[in-house]
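Keep the structure open and turn it as you read.

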Amino acid sequence: MSISLPKPIAEYFAAEEAGDAAQLARCFVSDGVVHDEGGTFTGTVAIERWNAVARAKYHHTVTPIRSTVRDGATIVVGRVAGDFPGSPIELDHTFRLDGDKIASLDIG
């Protein structure tokens with residue numbers, strides 16, 4: 001990874017790169033929330049399932065290309081490539097942290 005990211009976010013992208021939905025879910029607090037594709041996924045079990053289902057559907061990769069901090073959130077622009085129309089695309093990944101874990105992630 002060529003950009004500097006807070007540890008929990010760097011671990012999230014490392015788990016994404018490894019295709020490890022369980023490890024990715026462990027980056028979140030127990031009641032963490034992900035908003036993606038119009039859905040809301042709450043808790044580590046739901047987050048793990050969300051990531052596994054998305055990976056099976058899209059066979060995607062996410063490469064962080066730049067980040068900024070705004071209003072207490074870390075916004076990472078990721079290049080997402082996979083089996084979907086318009087691939088690759090750049091999507092904002094807006095992370096809010098709670099200590100050393102991710103509290104929420106909004107992708108869009």
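Which residue in E6 is the bridge partner of Arg96? The partner is Ser104. Keep in mind that the model is predicted.

That pair sits in the pairing of E5 with strand E6, residues 101–107. The two strands run antiparallel and share six bridges. Further along, Asp98 faces Lys101 in E6. The strands are joined as a hairpin, with two residues between them. In that hairpin, Gly99 has a positive phi near 65°.

Now step back to the sheet. Six strands build an open sheet with mixed pairing, in the order E2-E1-E6-E5-E4-E3. Strands of a sheet pair through backbone hydrogen bonds, either parallel or antiparallel. Strand E2 (39–42) and E3 are at the edges, and each has a single partner strand, so one side of each lacks a neighbour in the sheet. From one strand to the next, the twist averages 20°.

Two helices pack on this sheet. H1 touches strand E1 (28–36), E3, E4, E5 and E6. The direction of H1 makes about 135° with that of E5. H3 touches E1, E2 and E6. The direction of H3 makes about 40° with that of E1.

Move to E4, residues 73–81. Why is E4 described as largely enclosed by the rest of the structure? Seven of its nine residues are buried, so the rest of the structure largely encloses it. E4 pairs with E5 in the antiparallel sense, over seven bridges. Within that pairing, Ile75 stands opposite Thr94 in E5. Strand E3 (residues 61–70) is antiparallel to E4 too, and nine bridges join the two. There, Pro64 has Gly78 in E4 as its bridge partner.

E3 and E4 also form a hairpin, with two residues between them. Asp71 is in the turn. Its phi is positive, about 50°, although Asp71 is not a glycine. Most residues other than glycine have a negative phi, and most peptide bonds are trans. Asp71 counts as exposed, at 67% relative accessibility.

Glu37 is another non-glycine residue with a positive phi, near 50°. Look for Glu37 in the loop between E1 and E2. Glu37 is exposed, with a relative accessible area of 57%. The loop between E4 and E5 holds Pro88. Here the peptide bond from Ser87 to Pro88 is cis, with omega near -5°.

Next, the parallel part of the sheet. E1 and E6 run parallel, joined by four bridges. Val34 lies in strand E1, and its bridge partner in E6 is Leu105. These two residues are 71 residues apart along the chain, yet their C-alpha atoms are separated by 4.8 Å. Is Val34 buried or exposed? Val34 is buried, with a relative accessible area of 0%. Leaving aside neighbours within four places in sequence, its contacts include Phe28, Phe41, Ile47, Trp50 and Leu105.

His60 belongs to the loop between H3 and E3. His60 is buried as well, since its relative accessible area is 9%, below the 20% limit for that class. Not counting residues up to four places away in sequence, His60 touches Glu16, Asn51, Ala54, Arg55, Val80, Ala81 and Gly82.

Finish with the empty space. Rolling a probe the size of a water molecule over the atoms shows where empty space is left. The largest pocket holds about 270 Å³ of space. Which elements give two or more residues to its lining? They are helix H1 (7–18), helix H3 (44–58) and strand E5 (89–98). H3 gives the most, with four residues.

In total, 17 residues line the largest pocket. Asp36, Tyr58, Val80, Leu91 and Ile107 lie nearest its centre. By class, the lining has ten nonpolar, four polar and three charged residues. One of the residues nearest the centre, Val80, is also among the contacts of His60.

Terms used: Residues are numbered from 1 along each chain as its sequence is written. This is a predicted model: local features need pLDDT of at least 70, side-chain atom pairs count only at pLDDT 80 or more; totals for chains, interfaces and linings use all residues. Side-chain values use heavy atoms; hydrogens and water are left out. On a 1 Å grid over the protein atoms alone, a cavity is a set of points where a 1.4 Å probe fits but cannot get out, and a pocket is an open set with protein on both sides within 12 Å along at least five of seven lines; lining residues have an atom within 4 Å of a point. Grid points are joined across faces, edges and corners, and a volume is the space filled by probe spheres set on the points. Ala, Val, Leu, Ile, Met, Phe, Trp, Tyr, Cys and Pro count as nonpolar, Asp, Glu, Lys and Arg as charged, and the others, Gly among them, as polar. Buried means under 20% relative accessible area, exposed over 50%, partly exposed in between (1.4 Å probe, protein chains only). Two strands pair if DSSP finds at least two bridges between them. Axes are lines fitted to C-alpha atoms, for helices over the stretch in contact, and angles run from 0 to 180 degrees between N-to-C directions. Contact means heavy atoms within 4.5 Å.
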